[in-house]
Every structure is written in structure tokens, then in C-alpha cells.
Amino acid sequence: MSQEGRVSNGSPLLRLEDWWAVWLGGFIFLLGLGPIFGTDLLGWAVKTNIWTDLSKALAPQSKEVAISGIASLFYTYLFLVIVTSIGAAAMGWNLKRYIGGFTIIFFLTYASWVAGHYAYIAATKDKLEKLGISWSLGLSGEMGFIVAMLVGLFIGNFCLGLSKYLQEAAKPEWFIKTGIVILGAAVGIKAVSALDLASTVIIRGLCAVVEAYLIYWPVVYVISRKWFKMTPEWAAPLASGISICGVSAAIATGGAIKARPQVPIILSAVIIVFVAVELLILPWMAQAFLYQEPMVAGAWMGLAVKSDGGAIASGAITDALIRAKALEVMGVKWEEGWMLMAATTTKLFIDIFIGVWAFILAVIWSVYRIDKKGGGQKGEKVSAMEIWERFPKFVFGFAATFLILLVVGLASPDLVKPAKEGAESANTLRGIFFALTFFTIGLVTNVRKLWAEGMGKIVLVYAVCLFGFILWVGLFISWLFYRGITPPVVG
């Protein structure tokens, strides 16, 4: 997975982004367990309401906490800057630059998040009367994600001095992985009330990801090699990046086949731009054509969008857009989060097998000594430890938070309500991590790099493969496994 956060010494448990996603997300999860023991430890966290009066946009998560919305926002910032700075220091980042950059990123992100909750943009049909308005675009509060990404894109491409200063704190993969660990708790307690549906999503998600490896990868590799005459050094990481899991897969594959360092770096720039394009297109396509097949739409986001941050974020937007459309057109109010669960589960299974796939490629490249020009000959074997080195560690965090609340809910029905309250409090911070992911995806997406010398062929391969077959094969697989399955109906 991502190699960001490595320093030259110290335990991997304290120097890798993946592990710090586990520690940070796990810490917030533990705080969220407070209501089980009669204490709400996250009630001060800020939440954003759909608003017409800006003064009422912010409020603490718990109604029992007697502070203003502005105070709640400040406490939330203070908490997040402290806990993330501990991780940043342990990973060897420039702490002064990180704190300064994170402060700016946090408040710009939250301003974007609040803007996306403006009632005429976000209010769904069932909330219009309560808000005293007669119409709304009905895009839900998740529109704040898109606003955040657009602001990040603007800064990343037009405010280059500010963008450079913010780079130390622009860590979309760390933010999304931390959010995913926290999300496990919400998914776990949700599964208690619909265990059959949850098990169906998990089993079918595992089956669906097989196509990413057995169909996507070889087709992209052949197209790159045969049609566009790329060398194996470029074709293999590009195939992984387009077909599996974006930047992480490209980096893991580049390392496995011992490609030159600039190969995954250049590919990553292209991948991030295409992820931003997918985020701006696919959720609205899903809303338009798949609002009657919500779980198909969720799984499609997990299979189609080629980064952890992009896939999970697009799942969150799709969840909100389709629920709003179903309520308006069909009069059905589906429970929140199930489409996001389908996207998350699918993406996590893809992530789990990145390590295995990188190991397989390392064996092939090493045993047959495939060089940069193609061909190969018999060579030496590689160490099986490469599987562990490339395994996405944050998956352990998601599995742990999921299983703990699932077991708690099944073992003691009396604890379901407080466990759900705690998961919702932690989920408030999860939403902020998702918003930070959107902003920083935009921030690190430098569209100018697409026009750099030598990147035209890579962009063309990516566009041909993504829009030519990957999106549509992914949609078909999602339909094959999830058609006819719908989330529980509220009320």
C-alpha cells in the first residue's frame, strides 16, 4: 500500500500511514464506546445541519452538551490537530508545516462542507416543509464533498504557492483510511439489525472483486503492450492502477517488479486526475439510471473508482443522491449507509488482495527476470514476506471495529441503542475525515501534469480502458451480484 509516512528508523507500527490510520481510527472508535458505559465522550464534536440561517448551521453532536456551534467546531479542530500531529511526528513529517497546513485545510474544508449543506442545495423532499422552503436541488449535505474537492482543485492548480505550503498536510489516503476504520463501527452496528443483508453484501462483494484481477488486469496489460507498445515496466503498474486500486496498486506493483521510481509517480498523477473526473460524473449517473437498484450503484462505485478515497467518497455521495431520488420518485425512504457499505466492502476486498497480487507479480518478474523491454528468462525466487509488506494494514482496523460492535449488538440487545449512539458520534468525525479526503484529493490533483511531455500515451491508455470497458464491465458485475437487493426501509 501507500509508502507515505516511512522514516528511516523505528517500528513499522509507528512509522507507516496504514498503521496510524488504525491507531487514530481505533482511538476515536474507543471514545465512541462511551455511551455503553454511560458517558458520551464525543458529544462535543461538531455536526453540520442543513440550514437557511447560517447561525444555525453548526451544533455539537449531543444535545446534552451546552456549548455553541462555533465552540464545538473549535474543539473538534483542536482534537483533530492534536491527534493527527502525534501521528505526523511519529512518521517523521515536518510538524510545524503539518500543523500550519492542517489548520488551513481543516477550516477551508469545513467551510466547503457547510456551504454544501445550504438548504436550497441539500434539502431533500421530506425536509422542505420543516425548513420553510418550497424547493431545493435535493442533492443532500454530501454535496459539501464536491464543494470541498472543487475548492481543493482550484488551489492545487491556480494558487501554487499556497498549494505547495499545504502539501505536508495533504494526505488523502491517510484521511480516508482513518475514516474507513471508524466506519467499521457504524457498519457493524447496522449489520445487527439486518444480519442477512449484511452477510449478503460481504459475500457478494468478495465474489465481485475477483473480476478486477481476472478480467480488468490482463485486458489492460495486453492493450498497453500490444496496442500502445508500452514496455512491461510501464504496462504492469498502469494495469494495476487502472484496474485495481489506483495509486496504491501502481506503487505496490512498481515496487514488486522493481520499476524505476518515476514510473509509479507519473502514473499516480494521471490516476488522481481521473479519480477526480469519476467523482464528478459517476454518482450522478448512478442517481439517474440506478436509483431503483441502490446496491448495484454502491458496488459499482467500489469497482469503478480507482482509489480508496475516491471509491468510498463516491459511495457516500451515491448513497445520499439515490436515497433522495428514491424518496422523491418512488416515495421510499431507504436506510442510510447501505450503498456506502457495498462500496466500502467491495473496495476493501480489492485492497486486501493488492498484497497478494503484488507478490504474484514479483514472483513472475523475478523468476522470469522480465526486463524493461519485455521478454524474460529463468531467475531467482522472492521472499514471501512481500505479501505482508504490501498488505493494507488499515483493513485490520475496519475489521476490528466492525466485529466488536457486531458482537456487542448480537450478544446484548440492551446495548444496541447506546452502541448505536456511540457509533453515530464517532461517525460525525468520520464524515470530517471524508471531507478532508475530498479537499486534499482536489489539492493534489495537478491537471497541468497531464500535459507534461511523455504523458499523452498514458492518458490515452487510461481513457480508452476506463471508459471503453472497465466502467461497463464493473456495472455488469455489480448488477449480476446485487440486482434486486435493496436497503431496509425507514419506518
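Mentor: The count comes to one cavity of 30 Å³ or more, a cavity being a set of points on a 1 Å grid over the protein atoms alone where a 1.4 Å probe fits but cannot get out. The model is predicted, so local features need pLDDT of at least 70 and side-chain atom pairs pLDDT 80 or more, while totals for chains, interfaces and linings use all residues. Residues are numbered from 1 along each chain as its sequence is written, and side-chain values use heavy atoms, without hydrogens or water.

The largest cavity has a volume of about 30 Å³, taken as the space filled by probe spheres set on points joined across faces, edges and corners. Its lining (residues with an atom within 4 Å of a point) consists of Phe29, Gly32, Leu33, Ala185, Leu405, Gly422, Ala423 and Ala426. By class, six lining residues are nonpolar (Ala, Val, Leu, Ile, Met, Phe, Trp, Tyr, Cys, Pro), two are polar (the others, Gly among them) and none is charged (Asp, Glu, Lys, Arg).

α18 (416-444) also contributes to the largest pocket, along with β1 (46-48), α4 (95-115), α6, α9 (172-193), α14 (308-329) and α15 (338-367), each of which supplies at least two lining residues. A pocket is an open set of points with protein on both sides within 12 Å along at least five of seven lines. The volume of the largest pocket is about 2000 Å³. Of its 50 lining residues, Glu142, Arg323, Glu336, Glu424 and Asn427 lie nearest the centre. α18 again gives the most, with nine residues. The pocket lining holds 23 nonpolar, 12 polar and 15 charged residues.

Gly141 counts as buried because its relative accessibility is 6% (buried is under 20%, exposed over 50%, partly exposed in between, with a 1.4 Å probe and protein chains only). Beyond its neighbours within four places in sequence, Gly141 is in contact (heavy atoms within 4.5 Å) with Trp113, Gly116, His117 and Ala122. Its C-alpha atom and that of Val114, 27 residues apart along the chain, are separated by 8.3 Å.

As for the rings, the structure holds 30 aromatic pairs, meaning Phe, Tyr or Trp (six-membered) ring centres within 6.5 Å; planes under 30 degrees apart are stacked, over 60 edge-to-face, the rest tilted. One of them joins Phe398 and Phe402, which are stacked at 6.3 Å centre to centre with 10° between the planes. Because they are four residues apart in helix α17 (residues 394-411), about one helical turn separates Phe398 from Phe402. Both are buried. Elsewhere, ring pairs link Phe74, Tyr75, Tyr77, Trp93, Tyr98, Phe102, Phe106, Phe107, Tyr110, Trp174, Phe175 and Phe433 into a cluster. Arg430 lies over the face of Phe434, 4.5 Å from the ring centre (NZ of Lys or CZ of Arg within 6 Å of the centre and within 35 degrees of the ring normal).
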